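Grab a pencil and have the viewer open. Below are a few exercises, each followed by a worked solution.

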Amino acid sequence: MTASSLVRPRLGVTVCIAAAALGLAGCVQSAAPDVEVPSTVVTATPQPTGSEETATASTGPDPGATPDPGATADPASSLAGSLAFDPWLSLGAPGVGYIFGPEWLMVSWTLNSTAEEPVLVARGVPRRPQFEGVDPHSMVLPDQRDQAVWAFGTPEGRVRLSQQTFPVLDDADGGSYAVAATVLDPGRGLGGGGQAILPLEAAIPDRTLFAVPGPADLPEQATEWEFCLQVAPLPDDFDPAAPVITPDTPGAELLCSEPASLPADWATRPANTAPPTAPSSGS
């Protein structure tokens, strides 16, 4: 079983506007024992971003970044040294123009590369995920599948939203479990995002098949949340017609934000069903 390493940059928290109307669906399955996943922690500086590819990257990693002393991965072999990950976490409020306006936990990020080789960057979650709780795709609009996220608890008692695959448990059949990816070329930048509707419910890979770090179920007393994005070098068997990251992709890592504050009622906040107020015209 291969475990992903973690990389964590600094975070800024603000409020932005977004909205959508959709329903939630889910299922429940039995849980396997918790499995620890080792981590490497590095810091960087965030900026608000859009969702399209940006011009040639001009920023590198934070020169003050330091690895977690408890990490098992070799920092010298980590992608973090050549990637500048800038996430911006926020709470999305209902927007004008929608009959129903749910609120969201949202993240917008940029990723700039100074690597010498192309890098795979995860986009959303697997298309047909084997999951417990809420289907991640039910928390986004149909044309925003690359914004879908897993939502689960961490060993530190936080809520984590992530876009990734997970290590397959020993003797388990993970099938063709893979997440779609974008190829980030050397010296280039990429933008993207993720979102999860409030009230937040767990969206967890099937724990009878996959290793999920920590308790997995959402911690009821959580006051913070974070976002993680999976990256990986191009494997030897890379297919340019279908770029994906699988549980077996060598060198896969997670880039993680520092935690942001959760709304106090993140698990109980009623879904907003009132029509938004149209802006008044000036005289």
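**Exercise 1.** How many disulfides does the structure hold? Find the cysteines involved and work out the handedness.

*Solution.* Keep in mind that this is a predicted model.
- Step 1: there's one disulfide in the structure.
- Step 2: the partners are Cys 228 and Cys 256, with 1.9 Å from S to S.
- Step 3: turn to the torsion about the S-S bond of Cys 228 and Cys 256, which is about 110°, so the disulfide is right-handed.
- Step 4: check the surroundings. Cys 228 and Cys 256 are both buried.

**Exercise 2.** How many aromatic pairs does a search of the whole structure find? Pick the one between Trp 150 and Phe 166 and describe it.

*Solution.* 
- Step 1: the search turns up four aromatic pairs.
- Step 2: for Trp 150 and Phe 166, the ring centres are 6.0 Å apart and the planes make an angle of 75°. Planes over 60 degrees apart count as edge-to-face, so that's the label for Trp 150 and Phe 166.
- Step 3: Trp 150 belongs to strand β8 (residues 150-153), while Phe 166 is in the loop between β9 (159-163) and β10 (179-184), so this pair ties together parts 16 residues apart in sequence.
- Step 4: both Trp 150 and Phe 166 are buried.
- Step 5: bring in Phe 152, and ring pairs link Trp 150, Phe 152 and Phe 166 into a cluster.

**Exercise 3.** Is Gln 147 buried or exposed, and what does it contact beyond its neighbours within four places in sequence?

*Solution.* 
- Step 1: locate Gln 147 in the loop between β7 (131-134) and β8.
- Step 2: the relative accessible area of Gln 147 is 14%. Buried means under 20%, so Gln 147 is buried.
- Step 3: with those sequence neighbours left aside, Gln 147 touches Val 140, Gln 163, Gly 193, Gly 194 and Gln 195.

**Exercise 4.** How many helices and strands does the protein chain have, and what share of its residues is buried?

*Solution.* 
- Step 1: count zero helices and 16 strands.
- Step 2: of the 283 residues in the protein chain, 51% are buried.
- Step 3: look at contacts between residues at least 6 apart in sequence; 83% of them join residues at least 24 apart.
- Step 4: finish with the accessible surface, about 12,900 Å², where carbon and sulfur atoms account for 53%.

Note on methods
Residues numbered from 1 in each chain as written. Predicted model: local features only at pLDDT ≥ 70, side-chain atom pairs only at ≥ 80, totals over all residues. Heavy atoms only, no water. Disulfide = S-S within 2.5 Å. Buried < 20%, exposed > 50% of the residue type's maximum accessible area, 1.4 Å probe, protein only. Phe/Tyr/Trp six-rings, centres within 6.5 Å; stacked < 30°, edge-to-face > 60°. Helix = DSSP H or I, 4+ residues; strand = E, 2+ residues; numbered from the N terminus. Contact = heavy atoms within 4.5 Å. Areas by Shrake-Rupley, 256 points an atom, 1.4 Å probe, with all protein chains shown as cover.
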